[in-house]
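Here is a briefing on the structure shown below. It covers the sheet, the helices, the cores and some backbone details.

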Amino acid sequence: MQINPGAAEFPHRQIAAQLKAQVRRGDWAPGERLPSIPAIAEMFGVAKQTVQRAVDQLRVEGILITKPGSGTYVRGTRRRLNRLSRGRYGGFRGYHTDLAARYRQQLVSVGRSPAPAEVADAFGVPDGTDLLCRRHLVRTDDSPVEVGASWFLPADTAGTSLERAEAFGRPLYQEAEEATGRRYVSATDTISARQPSREEAETLQIRPDTPVLHLLHVAYDAHRKPIEVAQATWPGPMTTLTEEYKIPAPTPDPTPDPGLVLG
């Protein structure tokens, strides 16, 4: 392990690149603890502060995770977003068992809450309107990977199971269809990148300067009226977005009209 003092790249970035290469080679497996900061500093012949900056960079990139009082570890989770929210519905509108096997969703709270601006806009109500909100946290074995919330109009949910603070053992949309008597027919997904709120950073166990990906999912009935507005936020560097789709075959040019004069 060495750095090039004459290189244009800063020393901490050189160290980060070498540590990243070691992780990719499998020198350190997911969940494995790295040597201490002083030990790595000695390997490279640099100050501890330089190594700390390299480790901080790799934490922001989602490659390493630091556990207070324990050390720095290779992060083992990289959440793959498949077709945005379409995966929640499944090809046959059934429970997505693959996601259920890899991720554990914990219901955090259920109750009335003031609607944030993007949710209020989707429902067409004033900002701060009290709506029913079901908040959740999704975890893997080693870390939280999603904070989210599903919002409903109180007029649709009054006296239904959606107001109860309990998990249903099936996808939320199926419970919502039965409770509201409205069928999910179409949906829109809007994804954006931003900095996390303080609460999001603490919950997701990321640095405050780590970008997050934020999804706004609006599900509509047959009359194009929103049934549910869902939010999901993921650590950006630990999340990949994958969309697979068919590419239409080329179609032959239409036969030109003999009477059409070009030019």
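**Sheet, helices and cores**

Six strands form an open sheet in the order S4-S5-S6-S9-S8-S7, and their pairing is antiparallel. The model is predicted. Helix H7 lies across part of this sheet, over S5, S6 and S9.

- Strand S4 (104–114) and strand S7 (186–194) are at the edges.
- Each edge strand has a single partner, so one of its sides has no neighbour in the sheet.
- On average, neighbouring strands are turned by 15° against each other, direction ignored.
- S8 and S9 pair in the antiparallel sense through nine bridges.
- Across this part of the sheet, Val212 is opposite Pro235 in S9.

**Helix H7 on the sheet**

- H7 runs at about 10° to S6.
- Helix H7 (residues 172–180) has nine residues, and seven of them are buried, so the rest of the structure largely encloses this helix.
- The buried residues are Leu172, Tyr173, Gln174, Glu175, Ala176, Glu177 and Thr180.
- Their cover includes strand S5 (130–139), strand S6 (144–152), helix H6 (154–157) and strand S9 (226–235).
- Gly181 follows H7 and has a positive phi, near 75°.

**Packing of H2 against H3**

- The axes of helix H2 (residues 37–44) and helix H3 (residues 48–60) come within 8 Å.
- They cross at roughly 110°, which means that H2 is roughly perpendicular to H3.
- On the H2 side, the contact is made by Ile37, Pro38, Ile40 and Ala41.
- On the H3 side, Lys48, Val51, Gln52 and Val55 meet them.
- By type, the residues of this contact are six nonpolar, one polar and one charged.

**Nonpolar cores**

- The largest nonpolar core has 18 residues.
- Ile15, Val51 and Leu64 have the most contacts inside this core.
- Leaving aside neighbours within four places in sequence, Leu64 is in contact with Leu34, Val55, Leu58, Arg59, Thr72, Tyr73, Val74 and Arg75.
- A second, separate core has twelve residues, among them Ala115, Val119, Phe123 and Cys133.
- In soluble globular proteins, nonpolar side chains tend to be buried together.

- Strand S1 (residues 64–67) and strand S2 (residues 71–74) pair in the antiparallel sense over four bridges.
- Thr66 has Thr72 of S2 as its bridge partner.
- The two strands, S1 and S2, form a hairpin with three residues between them.
- In the turn, Gly69 has a positive phi of about 80°.

- Gln205 is a residue other than glycine with a positive phi, near 60°.
- Gln205 sits in the loop between helix H8 (198–204) and strand S8 (212–220).
- Its relative accessible area is 40%, so Gln205 is partly exposed.
- Arg224 also has a positive phi, near 60°, without being glycine.
- The loop between S8 and S9 holds Arg224.
- Arg224 has a relative accessible area of 47%, so this residue too is partly exposed.

Definitions and conventions
Residues numbered from 1 in each chain as written. Predicted model: local features only at pLDDT ≥ 70, side-chain atom pairs only at ≥ 80, totals over all residues. Heavy atoms only, no water. Axes fitted to C-alpha atoms, helices over the stretch in contact; angles between N-to-C directions. Parallel < 35°, antiparallel > 145°, perpendicular 65-115°, else oblique. Contact = heavy atoms within 4.5 Å. Nonpolar A, V, L, I, M, F, W, Y, C, P; charged D, E, K, R; others polar. Buried < 20%, exposed > 50% of the residue type's maximum accessible area, 1.4 Å probe, protein only. Core = buried A, V, L, I, M, F, W, Y, C linked by side-chain atoms within 4.5 Å. Pairing = 2+ DSSP bridges.
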